[in-house]
Amino acid sequence: MSRTRKIFIERMSDDTPYRRPSGPLWQPAADVYRCPEGFKIKFDLAGVKPEDVEILISGDKLIIRGVRRDWVMSEGWSYHQLEITYSRFERVMKIPCDLSRAEVRTEAVDGWLLLHIDCA
Amino acid sequence: MTDNRILELPILPLRNTVIFPAGISPLTVGRPMSLKAAEAALLTEEKLLGVVAQREDNEAEPTPGNLYEIGTLVVINRMMRSPGTEDVLHLIVQGQERFRVIEFTEHTPYLKARVEILPEPAREETPEVEALRRNINNLIQKALALLPNVPNEVRSIIVAADDSVRLAYFLGSVLELELTQEQALLNASTEGELLRLMHSYLGREVEVLEIRNKIANQAQEELGKAQRDYILREQMKQIQKELGETEPEQAEAVMLRERIEKADLPDEVRAEADRELHRLERLPSAAPDYHVIRTYLEWILDLPWRLSTDDSLDLNRAREVLDEDHYDLDDIKERILEHLAVIKLNPKSKAPILCFVGPPGVGKTSLGQSIARSMGRKFERMSLGGMRDEAELRGHRRTYIGAMPGRIVQALRRAGVNNPVMMLDEVDKLGMDFRGDPASALLEVLDPAQNFSFRDHYLDLPFDLSKVFFIATANSLGPIPPALNDRMEIIQLAGYSEEEKLHIAKRYLVPRQIKEAGLGEEQLQITTEAIQAIISRYTREAGVRQLERTIAKLARRVALKVAQEKGEVFTVMPDQLEDYLGHERFFHEMAREMLPAGVATGLAVTEMGGEVLFIEATLLPGAKGLTLTGQLGDVMQESAKAAHSYLWSHGKDLGFDCSETFEKNGVHIHVPAGATPKDGPSAGVAIVSALASLCSGRPVRNDTAMTGEITLSGLVFPVGGIKGKMLAARRAGIRRVILPKRNEHDLKDVPEEAQRDLEFVFVERIDDLLAKALAPVGEAAREKEEAEVQPVPATRDLGYEGGEARVQEAK
């Protein structure tokens, strides 16, 4: 199941410094793998719709942000307990390769969001 | 990219707190409206909720008007219901952004509002903001140092924070701030504003922390000391138990009871002591009153309520003792013997209260000691010089902390008997100020009609002072209040004459100082002439202290020579004194060989004894009135004016006319030595003689000195200090003294040798005086020649016959 097309990847020029939007956000957990092609990054972003994710690349920084919305709710339901964090998230990572020339792909598998970075 | 978004949010009113952006805080929601707002937020996709602080805490259901305008957008991270109840929600929310309420869109079932998301406070890079950042960092360091219990995580968050806005928000949630202060932080729209607020809050917080720390430290120290004392005391108790001793306070009470039972106390005192002991027994030893009562009881027990020494009533022995210690002073010795005789006949007689008045060094204090010795009584001495506080004499009331009995009671305790000889030294030097008047307190002590029940403030029990032999001493009677003066029997001790000093030196001072210097009796001999020279040329005093010091110096010099093995036995002759003692220190005015018209010889007394002084008068042609110089006091100036006026008005009666002279000329009177202040009326006759001599041109006889007070009507009044004046006259080589008639009886005090050498002329009126003082008319020239032919011989050359002849001549 691939939803690559729906994730918007934006490359920013180096001279516009990135500023975080105000307010602290939650940070998705991430695993970073090294592989012959470059890097593979796995984000714990279950329940996040691909269209709600945004990836920004600025210099050696890779920023992933978006919103997790609770879309399971239905009329007449109410919470008994809430433990999953919703709303906006953001994660900034530094990847030791030249991201401006790298090829970046996304893939959503079983609740993970996989990022393939080819910079070899 | 999310700037100025407009959202519609359920609003949760917060009581008493504010949630800052970035802050994670737990919330407990219980109010129905709040519950509904929270539920509504949970039903949204993003779990967003607006929280706004309530202006007042107490209202259960807040209205929109009661809420602040600026709130915080939060995400609900966790939600739990309390087990068992549906009505309480526990939320953990995370602050996101600040917002401003634009309008409330719904009021029921919960508040809902359209809000405008506000941008983060604009970062600023001005020097002021930088300074604020640094100051805040300093304050944080201080605060952390004062707060040892801050968890390490919090410490590292604070220290590692690189964004001052975040840090400020974090501190805002950590510090204990008022709601209004927290809201002000939230309202701040620029970094500068935010940091300024935070700086002031933090500064205050640090101050509070410092004070709190200080207080805590002090409290801890005090507590530590109290605990330590307690532990030590408990240990002591245990040790005593082991040793088989009873508890100390009980032992003490038992001991005091025993002592009270054994003591010989008057009834009233015993009753009071028993009462206090009862109180003591019921108090724990730690009670502050315990020690007060114990000290009080000890004082009562220590005082000699009924204990007295037996007077030795052997009159001959008493006389011997008095003679051993003091030369002459017969008046006082007689007085003591009289008193002993009275005691012998009437043992209940009251002790006298004597007051010795005299110049320093005449032996007042040591006389007290030998009186005590002669009577076989204890001697106690207290110096009242400079005492200003009545309480020092009579004690402080027991209500005061550290109260003590007064000096009188303390002296009695030291004496251990109730009939000591108590010497009150320097009563004339009692001070008096707002703290009280000790002289008035002495009135009670020294009144035989009252002092049988003297009450010390501390004891508050009557003590019988009537057996105490009080002796006060003073240098002069002037400063003693009349009421006090009246209660004492005044005994004047005049200064010693040179002959008396010679005896004192030979009998007491020289042997004592030879011993002091470690010499053998044979090793130092001072000839009589040498002692006389020391008395007259190396000392000037009424007493003998300076004389004793000078002899001590001489003895030390000799001791030095002996130690240097320059000889074994030394005999000091008058001509060697210069080697031992240096140059002569004093000289006395000697009779002047020739007196020009306008100069007369007067006599004065000082504390050092008598002195000869010269009155010099001169005419000032063309000037007016009277000029007086030579440090003359008011009384002396007045007597000069009286002399001037008398001569002016009575010139005709006297045989020479002064009025014309005084009309045309001013008069200047000078009395050397100019630096020594002089006062008193006794120079009156000398002044009038000098002035009369000035107008008549007849000089005053140069062998004649005079003393006496004058009145404007021409009388001559008696004066004091005759003994000292006669001694001075003799020393100065005067042969003839003119005295007021009414001083005739004072001559019995004058030592024999002076009586022998001097011719006394008594006068009652000024005209009589002038006839005897001035050289006869026309004989001025002859007198002058005579003076040149027969210079006035030195004192000791004056022969007996010469004096006798002159007396006859004058008659």
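This is a predicted model: local features need pLDDT of at least 70, side-chain atom pairs count only at pLDDT 80 or more; totals for chains, interfaces and linings use all residues.
Visitor: What makes chain A a chain of strands?
Guide: Chain A has zero helices and nine strands. From the N terminus on, its elements run β-β-β-β-β-β-β-β-β.

Visitor: How do you know that S2(A) and S3(A) pair?
Guide: Pairing takes at least two bridges. Six bridges join S2(A) to strand S3 (residues 38-44) of chain A. Therefore the two count as paired. They run antiparallel. In this pair, Asp31(A) stands opposite Lys42(A) in S3(A).

Visitor: Why are S2 and S8 of chain A called edge strands?
Guide: Four strands of chain A form an open sheet in the order S2-S3-S9-S8, with antiparallel pairing. Strand S2 (30-35) and strand S8 (103-109) each pair on one side only. The twist averages 20° from one strand to the next.

Visitor: How much of chain A counts as buried?
Guide: Of its 120 residues, 22% count as buried. Each of those has 20 or more other C-beta atoms within 10 Å of its own.

Visitor: How do you know that chain B touches chain A?
Guide: A contact needs C-beta atoms within 7 Å. On that test, 23 residues of chain B are in contact with 18 residues of chain A. Helix H1 (32-42), strand S4 (70-81) and strand S5 (89-106) of chain B each supply at least two residues of that side of chain B. The largest share, seven residues, comes from S4(B). By class, the side has eleven nonpolar, four polar and eight charged residues.

Visitor: Why is a set of residues in chain B called a nonpolar core?
Guide: Its members are buried, belong to the nonpolar types listed for a core, and are joined through C-beta atoms within 7 Å. The largest such core has 92 residues. Among those with the most contacts inside it are Cys355(B), Phe470(B) and Ile551(B). Helix H18 (residues 528-538) of chain B gives the most to this core, with six residues. Apart from it lies another core, of 59 residues, among them Leu603(B) and Ala775(B).

Visitor: Which residues does Ile471(B) contact, leaving aside its neighbours within four places in sequence?
Guide: Ile471(B) is in contact with Leu354(B), Phe356(B), Gly368(B), Ile371(B), Val421(B) and Met423(B). Ile471(B) is also among the residues with the most contacts inside the largest core.

How values were computed
Residues are numbered from 1 along each chain as its sequence is written. Chains are lettered from A and ligands numbered from 1 in the order in which they are written. A residue is buried if 20 or more other C-beta atoms lie within 10 Å of its own, exposed if 12 or fewer, and partly exposed in between; C-beta atoms are placed from the backbone. Two residues are in contact if their C-beta atoms, placed from the backbone, lie within 7 Å. Axes are lines fitted to C-alpha atoms, for helices over the stretch in contact, and angles run from 0 to 180 degrees between N-to-C directions. Ala, Val, Leu, Ile, Met, Phe, Trp, Tyr, Cys and Pro count as nonpolar, Asp, Glu, Lys and Arg as charged, and the others, Gly among them, as polar.
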